[in-house]
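Let's walk through a structure together, one feature at a time. Have a look at it first, then we'll talk.

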Amino acid sequence: MSAVLRTQLRGVARRPARLLLTGLAVLVVSFVVYATVLAQEITKRSVLDGLSGTPAAVDLVARKGTLTTAELAAIGKLPGVAEAAGRMDAGGQIGNEYLQIVADPSTGPLAVSHLVSGRLATGPAEIAVSPRTVERLGLKPGTTAKVSLRFDKDGKPEAPTSLTVVGVVTGRDDYGFQAYASEPAVARMSGSDALNQIDVRLAPGADADGVRQQIDALVAAGVSKVKDGERPEVATGSQVRLEEARAKAKDVDSLFAVIGLFVAIAVVAAGLVAASTFRIVFAQRMRQLALLRAVGAGRGGITWSLAAEGALTGLVTGLAGVLLALGAGQLVPRVVAAFGPHVASPGLPIAPALLTVLLAVVLTVVAVVAPAFTAGKVSPLEALRGAGVTAGRRDIGKARWVFGLLLVVAAGLVAAYVFQGLPGPNPKDYNPSINLLAIVASGGLAFLALIALGPVLVRPVLAVLGTPVRRSGPVGRLAAGGVGGAPRRAAAVSVVVALGVTLISGCLVGGESIRVLADRQSSLSAPADYELTTNDDPIPATAVGQLQGRSELTHVVPYRRLAVTAGNGTDLQAVDVQLAAVPRLAGLDVAAGRIADLGPGKVVISAFMADNQGLHVGDKVTVVAGKRSMPLTVAAELSDVAPLASSMIIYPADMTRLGAPAGYSGLLADQAVAGEKGRSDGRRALTDAVGNHPWAINVLADQRDQINSELTILLAIALGLIGLTVLIAVVGVGTTTALSVVERVRESGLLRAVGLSRGALRAMLTTESALYGVIGAGLGLVLGVPYAWLAVQALGVNAPLTLPVGQLAVVFVILVLLTAAAGVLPARRAAKVSPVVALGAE
Amino acid sequence: MQTQFPPAAQDALAAVAAVDLVKVYGSGDTAVRALDGVTVGFTRAQFTAIMGPSGSGKSTLMHCLAGLDTATAGQALLGGTDLTRQSDRVLTRVRRERIGFIFQSFNLLPQLTAEQNILLPLELAGRKPDRHLFNHLTEALGITARLSHRPGELSGGQQQRVAVARALISRPEVVFADEPTGNLDSRSGAEVLLFLRNSVRELGQTVVMVTHDPGAAAYADRVVLLADGKVAGEIDRPDHGSVTEALRSLAVQR
């Protein structure tokens, strides 16, 4: 070992805590990486352990072919077979509602549903239903429902069967239309003896292979009796369960591939933090390194020993991170188990553990290279100079300027390429993937440019964003001066914060745009909570009046629909819905004109119709229905399709004049009370009104809710994963502040000596780390928002550009608070040091 | 606090005084008595040098008198206030408003310009700078042309002159200088010392300087000699020769 390395290592051994502090970001990221591996392991195992569709007691399965109840009976009689369950389901209709009736024993080891209340359905006209079905279809135990189970060739229901609900059971799926009955009952209901699958449980000690061969022969014989039969396969239960589990594990794997992407970004962030930390640590040791140079150490020797120290740091922190993750991974399932749910232990994946440590070492070595080279260049003369406070470099080298500007130009060119290739409002055959990839590339280049040019950007950004701080008084001025005086340090930390904020703001802006788009489209496709439609049995005004009187409903708005032709003879749909009475339609986007201008002799047309007929606001168009026709003036042109799948909205009186009958073709209504119960109540009010009419009820609110909750969940997951990068950034700010406090202990002492109070010093250092957050968050917003806009445009879905100012402001404030919090501890420590000790420090 | 002052401190002209000041570092066997009952007064509008061999306690004495360090026993009086009994908050105010510092290694803030460094104590105190005094100081110190420069762009002598201006800008009751010429060449050192002496003569400033350089001490009106944490003598109107002689005799006694 070289003398230089020995000196360095002795220094490390004397202050092992500093090694951990230097590599804290690496420690955190190793933890995150290995914890992700363990989480994947836990999820996979839990899924494998958990409910697969096939109960654990199933030993053999006959499936994927022609199976009938005859085979089921035959298999049940085979020696060695304890039980056989046939899987089949029947589709029924209650009024306009769909009901799925699944065959299941509901008891015993082969059951897939389990009794909650009431009793099991055993009789031929008995069913048990799932909890949501009780709520949705009003099928309480004890009630009798008329269900159409058989259909004629035209798909019209034949006479309904009366079924009695005897109990409530939980099954694997509950979509609100599940019922369970015994297998013979379901066969009778559907009038078919075809089975999807036969599950077999063997008697204890039975010869599995023997039974399997017998079943195989049995089903083969069964197929030969049927025309176009397909021979089923016979598999073991474990085989089927494994297949099902594999399919689920595959979902888990692809989910974790996405998570891995975010973890990779966090790794990059950790590398940036580590590099800046090493730079600070080596700068502190400049005098010592210069001394080594003065007594004869070579430049290369210094560089190598510093790099070796970096590798050691990576090894120690990587190992610590992996061990911590392992501890957490073993602990979490136990803690969760204490609250009930069973979660599998992740085991001890050795290879990923070693790889994670290796990653930590490689990452640290990569991070340490540049700082080590810079430190190796120290002049031996440094050692002989006074220990006065010296300022760090404020500028960047020429090469770095050129490199940074090239990156800016490259990023700009790629962005310009995307910009000129942006799709129009109604793109045809547009494939967004190339543009999206280009945006990612441009964003990456812009970020590299930010890293290169960071030190020169700090001061201008600080001049703009730091003004309030500087105005706040001498402490703020000193803090701003401290950050501006060491722009390299500030840039190194802020860039990591910027990375996090770029991703977050991009997500928020993109998410908000998509949400507005989804809202807009759902207000067109789902303008109300419920829609009642009919084809040939118009809804009379009395029924509408009754519904308007129901307390469960509000905004009950009927409309008529008429098939018309216009101008050049295109077949179009016209509706006379009163837009102002439907809240979601009142704010419909218009391309030109005003919806409020709709009156007698006026028409509001869709974008399609405007395009198709070459119409503009103020133009006249002749609308023809059968033998009648009338000229209408365009009052407004919508920016998208018209609601209720129509092309134009006309005034009710005009509709009558065009020959529309008095009865309504549909109505829209909202639930009066929010929530699941309000929705069911509203639906029941509609069901009551429908009675025996062939009117269909659509719960549009369900679709809308689903889209909304899916969006929210997606956004929450994305933000959670980006949180990793933010965590690393905050760690970076914390370590930088902690180390720079050590570096600047003399400066602190001086400030105390000339009359800065302890509290003010604390405030100054905390403000400094908050300023890192301000700069980083500012840069992040500047990068994130435009790129998100560009990406939204490039999607080609005609989404609006939104700026969720509130959310972005919250992100900004939170980031600044987090970075300020990261500076609190180091600031407290610095303020505790007595000025004499501080001034004496080297 | 105003009771029972010993003769040295009762002197109405004393701007700052130590009364039976004791400072012990560490405890038990390793305890070091850096100050062992020092009683000494520093006259207003006088330039006093504290001298003594290394380890004699001269820096500790200055730190205690300036409210930078706390004493183990005794009093450190600044214009009648006993600094050894004060909270950190009061000491901070004292340092900010009543004391000026000049350090051996300048200790300017690298991120501030020379002008900002000079005005720093006033800014911390929230006071408006006296432009007249500022102009006078910077002209007399010959740094008018360097005011917009940062410390890194100044020579050692210039940096120390900026530090001197910083110490004087708040019109402190006492200026403490800790080896102010230790890091300077002899010409720059002489300029700083001359300026300090002129500020005593012309502005009535009280200056207390710790030094081990007899040449620097010769600029002072009076020299207080310290040895082993005790006062070991005084020289009025010192010159290079008398100071060297006194130091030699101190060394012989030990």
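**Reading the model, step by step**

Q: Before I look at any detail, what scores does the model get?

A: Keep in mind that this is a predicted model. It scores ipTM 0.77 and pTM 0.67.

Q: And how do I read confidence along a chain, say chain B: where is it lowest and where is it highest?

A: The general idea first: where pLDDT is low, the predicted coordinates should not be read in detail. Chain B has an average pLDDT of 86, and 94% of its residues score at least 70. The lowest confidence in chain B falls in helix H1 (residues 7-10), with a mean of 47, while strand S3 (residues 47-51) has the highest, at 94. The pLDDT is below 50 over residues 1-10 of chain B, and that stretch has 15 contacts in the model beyond near neighbours in sequence.

Q: What is chain B built from, and how many helices and strands are there?

A: Chain B has nine helices and 10 strands. Of its 254 residues, 51% are buried. Take the contacts in chain B with a separation of 6 or more: 69% of them come from residues 24 or more positions apart.

Q: Over to chain A. How do I describe two packed helices, and what are the values for H22(A) and H25(A)?

A: Two packed helices are described by the angle between their axes and the distance between the axes. Here, helix H22 (residues 700-743) and helix H25 (residues 805-832) of chain A pack at about 25 degrees, with axes 8 Å apart. Angles under 35 degrees count as roughly parallel, so H22(A) and H25(A) are roughly parallel to each other. Their crossing is right-handed.

Q: Which residues make the contact between H22(A) and H25(A)?

A: From H22(A), the contact residues include Val730(A), Val733(A), Gly734(A) and Val741(A); from H25(A), they include Leu818(A), Ala822(A), Gly823(A) and Arg829(A). By class, the contact has eight nonpolar, four polar and one charged residues.

Q: Where does Pro371(A) sit, and what does it touch?

A: Pro371(A) is in helix H11 (residues 350-376) of chain A. Leaving out residues up to four places away in sequence, Pro371(A) touches Ala275(A), Phe278(A), Arg279(A) and Phe282(A). Pro371(A) and Leu306(A) are 65 residues apart in sequence, with their C-alpha atoms 8.7 Å apart in space.

Terms used
Residues numbered from 1 in each chain as written. Chains lettered and ligands numbered in written order. Predicted model: local features only at pLDDT ≥ 70, side-chain atom pairs only at ≥ 80, totals over all residues. pLDDT = per-residue confidence, 0-100. Helix = DSSP H or I, 4+ residues; strand = E, 2+ residues; numbered from the N terminus. Contact = placed C-beta atoms within 7 Å. Axes fitted to C-alpha atoms, helices over the stretch in contact; angles between N-to-C directions. Parallel < 35°, antiparallel > 145°, perpendicular 65-115°, else oblique. Left-handed = near helix turned anticlockwise from the far one by under 90°. Nonpolar A, V, L, I, M, F, W, Y, C, P; charged D, E, K, R; others polar. Buried ≥ 20, exposed ≤ 12 C-beta atoms within 10 Å, placed from the backbone.
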